[in-house]
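I set out to record what can be looked up in this structure, beginning with the overall fold and ending with the surface. The entries follow in the order in which I made them.

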Amino acid sequence: MAAQSEGIKRLMAAEKSAATMVAEARKNKATRLKQAKEEAAKEIETYKSQRESAFQDQLKKYGENKDDFAQKMEDDKKQKLIKIDEDVKQHKAQVIQQVLDLVYNIQPQLHQNARFSVK
(Lines give C-alpha, C1' and ligand atoms only; values in the text may rest on other atoms or scores of the structure.)
Protein backbone atom coordinates (compact mmCIF):
# COMPACT_ATOMS: atom_id res chain seq x y z
CA MET A 1 0.00 0.00 0.00
CA ALA A 2 2.86 2.30 0.66
CA ALA A 3 3.85 1.96 -2.98
CA GLN A 4 0.37 2.98 -4.05
CA SER A 5 0.28 5.98 -1.75
CA GLU A 6 3.74 6.95 -2.97
CA GLY A 7 2.50 6.73 -6.59
CA ILE A 8 -0.58 8.78 -5.74
CA LYS A 9 1.59 11.43 -4.05
CA ARG A 10 3.80 11.58 -7.13
CA LEU A 11 0.74 11.90 -9.38
CA MET A 12 -0.67 14.65 -7.17
CA ALA A 13 2.69 16.44 -7.20
CA ALA A 14 2.87 16.09 -11.01
CA GLU A 15 -0.69 17.39 -11.36
CA LYS A 16 0.08 20.34 -9.10
CA SER A 17 3.25 21.05 -11.07
CA ALA A 18 1.29 20.89 -14.36
CA ALA A 19 -1.37 23.23 -12.97
CA THR A 20 1.37 25.66 -11.92
CA MET A 21 2.93 25.49 -15.39
CA VAL A 22 -0.45 26.09 -17.05
CA ALA A 23 -1.15 29.05 -14.75
CA GLU A 24 2.31 30.48 -15.48
CA ALA A 25 1.77 30.00 -19.23
CA ARG A 26 -1.59 31.80 -19.04
CA LYS A 27 0.01 34.64 -17.08
CA ASN A 28 2.81 34.91 -19.67
CA LYS A 29 0.27 34.88 -22.48
CA ALA A 30 -1.73 37.68 -20.84
CA THR A 31 1.48 39.67 -20.36
CA ARG A 32 2.47 39.19 -24.01
CA LEU A 33 -1.01 40.25 -25.17
CA LYS A 34 -0.86 43.36 -22.99
CA GLN A 35 2.58 44.23 -24.40
CA ALA A 36 1.33 43.67 -27.95
CA LYS A 37 -1.63 45.98 -27.35
CA GLU A 38 0.67 48.65 -25.92
CA GLU A 39 3.04 48.36 -28.88
CA ALA A 40 0.14 48.54 -31.32
CA ALA A 41 -1.21 51.63 -29.52
CA LYS A 42 2.24 53.26 -29.78
CA GLU A 43 2.45 52.45 -33.49
CA ILE A 44 -1.03 53.84 -34.06
CA GLU A 45 -0.17 57.01 -32.18
CA THR A 46 3.06 57.41 -34.17
CA TYR A 47 1.24 56.91 -37.48
CA LYS A 48 -1.52 59.28 -36.41
CA SER A 49 0.99 62.00 -35.49
CA GLN A 50 2.84 61.54 -38.80
CA ARG A 51 -0.39 61.86 -40.80
CA GLU A 52 -1.47 64.87 -38.74
CA SER A 53 1.86 66.64 -39.39
CA ALA A 54 1.61 65.84 -43.10
CA PHE A 55 -1.92 67.24 -43.11
CA GLN A 56 -0.77 70.41 -41.35
CA ASP A 57 2.05 70.80 -43.90
CA GLN A 58 -0.45 70.48 -46.76
CA LEU A 59 -2.77 72.92 -45.06
CA LYS A 60 0.06 75.43 -44.68
CA LYS A 61 1.16 74.91 -48.27
CA TYR A 62 -2.27 75.33 -49.86
CA GLY A 63 -3.91 77.44 -47.17
CA GLU A 64 -1.74 80.43 -48.07
CA ASN A 65 -2.93 80.25 -51.67
CA LYS A 66 -6.57 80.19 -50.58
CA ASP A 67 -7.03 83.94 -51.04
CA ASP A 68 -5.35 83.81 -54.45
CA PHE A 69 -7.64 80.97 -55.47
CA ALA A 70 -10.74 82.88 -54.33
CA GLN A 71 -9.63 85.95 -56.29
CA LYS A 72 -9.00 83.84 -59.39
CA MET A 73 -12.46 82.29 -59.12
CA GLU A 74 -14.02 85.75 -58.77
CA ASP A 75 -12.14 86.99 -61.86
CA ASP A 76 -13.22 83.93 -63.86
CA LYS A 77 -16.83 84.51 -62.82
CA LYS A 78 -16.68 88.14 -63.93
CA GLN A 79 -15.17 87.18 -67.30
CA LYS A 80 -17.87 84.58 -67.89
CA LEU A 81 -20.62 87.05 -67.04
CA ILE A 82 -19.12 89.60 -69.45
CA LYS A 83 -19.02 86.92 -72.18
CA ILE A 84 -22.66 86.01 -71.52
CA ASP A 85 -23.70 89.67 -71.71
CA GLU A 86 -21.85 90.08 -75.01
CA ASP A 87 -23.54 86.97 -76.43
CA VAL A 88 -26.95 88.27 -75.35
CA LYS A 89 -26.32 91.65 -76.97
CA GLN A 90 -25.07 89.99 -80.16
CA HIS A 91 -27.96 87.52 -80.60
CA LYS A 92 -30.83 89.40 -78.97
CA ALA A 93 -32.35 90.76 -82.19
CA GLN A 94 -32.17 87.40 -83.97
CA VAL A 95 -33.83 85.54 -81.11
CA ILE A 96 -36.62 88.10 -80.80
CA GLN A 97 -37.24 87.90 -84.54
CA GLN A 98 -37.38 84.10 -84.44
CA VAL A 99 -39.88 84.15 -81.58
CA LEU A 100 -42.04 86.72 -83.34
CA ASP A 101 -41.97 84.71 -86.57
CA LEU A 102 -43.15 81.62 -84.70
CA VAL A 103 -45.94 83.59 -83.01
CA TYR A 104 -47.16 85.42 -86.15
CA ASN A 105 -46.81 82.60 -88.68
CA ILE A 106 -49.15 80.01 -87.23
CA GLN A 107 -50.28 77.34 -89.64
CA PRO A 108 -53.33 75.60 -88.21
CA GLN A 109 -53.39 71.83 -88.69
CA LEU A 110 -55.37 68.98 -87.29
CA HIS A 111 -53.58 66.85 -84.78
CA GLN A 112 -52.80 63.37 -86.11
CA ASN A 113 -55.21 61.79 -83.62
CA ALA A 114 -57.97 64.10 -84.77
CA ARG A 115 -57.27 63.19 -88.41
CA PHE A 116 -58.07 59.55 -87.75
CA SER A 117 -61.42 60.39 -86.17
CA VAL A 118 -62.46 62.58 -89.13
CA LYS A 119 -62.06 59.79 -91.68
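**Entry 1: basis.** I note that this is a predicted model, in which local features need pLDDT of at least 70 and side-chain atom pairs count only at pLDDT 80 or more, while totals for chains, interfaces and linings use all residues. Residues are numbered from 1 along each chain as its sequence is written, and side-chain values use heavy atoms, with hydrogens and water left out.

**Entry 2: secondary structure.** I looked up the elements and found 3 helices and 0 strands. Helices (H or I, at least four residues) and strands (E, at least two) are taken as DSSP runs, numbered from the N terminus. Along the sequence I read the pattern α-α-α.

**Entry 3: burial and surface.** How many of the residues count as buried? I recorded 0% of the 119 residues of the protein; buried stands for under 20% relative accessible area, exposed for over 50%, and partly exposed for what lies in between (1.4 Å probe, protein chains only). The protein exposes about 12,000 Å², and carbon and sulfur atoms supply 58% of this area. Such areas come from the Shrake-Rupley method with a 1.4 Å probe; for residues, only the protein chains shown count as cover.

**Entry 4: salt bridges.** I found 2 salt bridges in the structure, the term requiring a side-chain nitrogen of Lys or Arg within 4 Å of a carboxyl oxygen of Asp or Glu. Side chains of opposite charge can pair when their charged atoms come close.

I looked at Lys 77 and Glu 74, whose closest N and O atoms are 3.4 Å apart. These two residues stand 3 residues apart in helix H2, so about one helical turn separates them. Lys 77 is partly exposed because its relative accessibility is 43%, and Glu 74 is likewise partly exposed, at 31%.

I then looked at Lys 83 and Asp 87, whose side chains meet in a salt bridge at 3.2 Å, N to O. Being 4 residues apart in helix H2, Lys 83 and Asp 87 are also separated by about one helical turn. Lys 83 has 47% relative accessibility and therefore counts as partly exposed; Asp 87, at 29%, counts as partly exposed too.

**Entry 5: nonpolar patch.** Which residues make the nonpolar surface patch? I listed Val 95, Ile 96, Val 99, Leu 100, Val 103 and Tyr 104, which together form a patch of about 560 Å². Patches are made of residues with over 30% relative accessible area and no salt bridge; like charges are joined within 9 Å, and nonpolar side chains (Val, Leu, Ile, Met, Phe, Trp, Tyr) within 5 Å. Val 95 lies in helix H2, residues 66-104, and counts as partly exposed because its relative accessibility is 46%.
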